[in-house]
Amino acid sequence: MHGDIIAAARALVEIPSPERAAAISAMFYRAHSADKIMKHTGMPHQAWGNGSLLAATQPRPNLPEPSLSNMDYLRALQQILTALIDWKCERDPSLRRYGR
């Protein structure tokens, strides 16, 4: 959802650029794992939440959402969206026509 993307991008802004790819991978791993647990047990993961990217976002964003004139924030949004497209296309090859 939109809020998940925003939360992830806000968290990325607080992470140094060289560490962002690993942070995105960790966010997606936590969200996916929590989603599987939620589907299996009906209960959210104690630390990673209900399977949403928002719940799995670590560190939690502390600052308000930056303006879209903030280039670092725009890059963070782009990184999250690109990673999400790639992740979805890896899991469903029929979506590759929309990917890269």
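**Exercise 1.** Which helices each supply at least two residues of the lining of the largest pocket?

*Solution.* The model is predicted, local features need pLDDT of at least 70, side-chain atom pairs count only at pLDDT 80 or more, and totals for chains, interfaces and linings use all residues. Residues are numbered from 1 along each chain as its sequence is written, and side-chain values use heavy atoms, without hydrogens or water.

Step 1. A helix is a DSSP run (H or I, at least four residues), numbered from the N terminus. A pocket is an open set of points on a 1 Å grid over the protein atoms alone, where a 1.4 Å probe fits, with protein on both sides within 12 Å along at least five of seven lines; lining residues have an atom within 4 Å of a point.

Step 2. The helices are α1 (2–13), α2 and α4. The largest share of the lining, 4 residues, comes from α2.

Step 3. Of the 13 lining residues, A31, G51, S52, L53 and L84 are the closest to the centre of the largest pocket.

**Exercise 2.** Determine how the rings of F28 and W87 are arranged.

*Solution.* Step 1. Rings of Phe, Tyr and Trp (its six-membered ring) pair if their centres lie within 6.5 Å; planes over 60 degrees apart count as edge-to-face. The structure holds 2 aromatic pairs.

Step 2. The centres of F28 and W87 are 6.1 Å apart and the planes stand at 80°, so this pair is edge-to-face.

Step 3. F28 belongs to helix α2 (residues 20–41) and W87 to helix α4 (residues 71–91), 59 residues apart.

Terms used. Rings of Phe, Tyr and Trp (its six-membered ring) pair if their centres lie within 6.5 Å; planes under 30 degrees apart count as stacked, over 60 as edge-to-face and the rest as tilted.
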